Amino acid sequence: MENNSMAVAIMGPTASGKTAAALHIARHIPCEIISVDSALVYRGMDIGTAKPTPDERAAVPHHLIDILDPIESYSAMQFRQDALRMVAEIQARGKLPLLVGGTMLYFKALRDGLDDLPQADAALRAQLDAEAGALGTPALHARLATVDPITAARLKPNDSQRIQRALEIFLLTGKPMSELLAKAPKNELPFTILPIALEPSDRSVLHARIAARFDAMLESPGLIEEVKSLRARGDLHLELPSMRCVGYRQTWEYLDGAYDLLTLREKGIAATRQLAKRQLTWLRSMPERIVIDCLSPNAANLVFQEILQRR
């Protein structure tokens with residue numbers, strides 16, 4: 001594989017050591033890092049996102065960090081456009097692009113492209129929400145089965161979000177979602193992605209890492225002070241994507257008086273563990289990935305060796 005045709009994706013759940021692996025590679029190969037993280041795009045959100053330190057960012061160029069104010073939003077489509085442009089620019093500089101992060105939807109958007117399905121319709125979605133509340137989600141699943149049996153067959157009867165989205169698409173277009181997806185053009189990237197996944201051989205050890213990292217975030221001055229500053233602006237609220245990030249929502253609610261500090265810790269750790277579980281589920285759907293045990297003492301070097309073999 002030629003160097004100028006490859007980008008490396010370093011994926012993994014939170015606290016799996018992705019940043020450490022990327023920095024290790026940067027010490028040996030001329031490269032630049034493209035962040036694949038929906039939280040790192042926000043300025044002023046450093047502690048709760050475990051953002052790379054100024055020294056780490058000075059050691060190797062980083063992209064897609066601190067590009068938005070927390071009141072703004074950033075989509076998978078925007079990420080894909082930015083990442084495609086940046087990979088081309090980094091390769092033109094003769095360096096290796098490293099796509100590093102844990103927002104699996106962004107990786108999927110880059111690899112597979114995005115479908116051309118209609119945007120959400122607020123009025124129709126409210127109507128479907130009301131029907132689900134009155135009749136139950138299984139009733140909507142049965143309704144979906146009559147108009148889009150292919151989609152209904154792959155969804156569980158209680159998967160409310162996806163069932164309602166599939167019905168919404170049918171009602172907006174008059175066509176089953178499965179038909180629209182089948183007609184979507186195949187995405188072709190102008191480069192090859194080497195997918196490397198840092199995954200734990202023992203999930204309980206990853207959970208311990210998550211707890212230790214959240215405890216470190218709570219140490220003063222820490223996450224609580226950071227969220228206090230964000231709240232003091234007066235224009236942010238919990239419905240924004242930035243404030244829904246793991247750790248920020250729980251800290252905001254703590255500052256609202258919803259619960260005490262111990263409960264904040266418990267909720268923050270639980271939410272982070274749930275995030276890690278979802279990230280690992282996404283990774284398991286990618287059979288082509290190269291799995292490295294993130295608990296190995298030389299995990300970063302193992303990632304580096306995998307890249308060397310393919311350069």
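Modeller: Gladly! Ring pairs link Tyr 74, Phe 79 and Tyr 106 into a cluster. A caution first: this is a predicted model, in which local features need pLDDT of at least 70 and side-chain atom pairs count only at pLDDT 80 or more, while totals for chains, interfaces and linings use all residues. Residues are numbered from 1 along each chain as its sequence is written, and side-chain values use heavy atoms, with hydrogens and water left out.

Biologist: Why is the pair of Tyr 74 and Tyr 106 called edge-to-face?

Modeller: The ring centres of Tyr 74 and Tyr 106 are 6.1 Å apart and their planes stand at 75°, so the pair is edge-to-face. It joins distant parts of the chain, 32 residues apart: Tyr 74 is in the loop between β3 (62-63) and α3 (76-92), and Tyr 106 is in helix α4 (residues 104-112). Helices (H or I, at least four residues) and strands (E, at least two) are DSSP runs, numbered from the N terminus.

Biologist: And what makes Phe 79 and Tyr 106 a stacked pair?

Modeller: Here the values are 4.7 Å centre to centre and 15° between the planes, and the pair is stacked. Phe 79 in helix α3 and Tyr 106 in helix α4 are 27 residues apart. Both Phe 79 and Tyr 106 are buried, and Tyr 74 is buried too.

Biologist: How do you know that His 63 counts as buried?

Modeller: Buried means under 20% relative accessible area, exposed over 50%, and partly exposed in between (1.4 Å probe, protein chains only). His 63 has 18% relative accessibility, so it counts as buried. This residue lies in strand β3. Leaving aside neighbours within four places in sequence, His 63 is in contact (heavy atoms within 4.5 Å) with residues including Glu 32, Met 86 and Arg 93.

Biologist: Is Thr 137 buried or exposed, and why?

Modeller: Thr 137 counts as buried because its relative accessibility is 16%. Its place is in helix α6 (residues 137-147). Leaving aside neighbours within four places in sequence, the contacts of Thr 137 include Ala 132, Pro 157 and Ile 163.

Biologist: What makes strand β1 (residues 6-11) mostly covered?

Modeller: In β1, 6 of its 6 residues are buried. Met 6, Val 8 and Ile 10 point one way, and Ala 7, Ala 9 and Met 11 the other.

Biologist: How do you know which strands pair with β1?

Modeller: Two strands pair if DSSP finds at least two bridges between them. There are 6 bridges joining β1 to strand β5 (residues 192-199), and these run parallel. With strand β4 (residues 96-101), β1 pairs over 4 bridges, also in the parallel sense. Val 8 stands opposite Leu 194 in β5, and Ala 9 stands opposite Leu 99 in β4.

Biologist: What makes Arg 231 a charge over the ring of Trp 252?

Modeller: A charge sits over a ring if NZ of Lys or CZ of Arg is within 6 Å of the ring centre and within 35 degrees of the ring normal. The charged end of Arg 231 sits over the ring of Trp 252, 5.0 Å from its centre. Trp 252 is among the buried residues of helix α12 (residues 248-255), which pack against α11 (223-232) and α13 (261-284).

Note on methods
Rings of Phe, Tyr and Trp (its six-membered ring) pair if their centres lie within 6.5 Å; planes under 30 degrees apart count as stacked, over 60 as edge-to-face and the rest as tilted.
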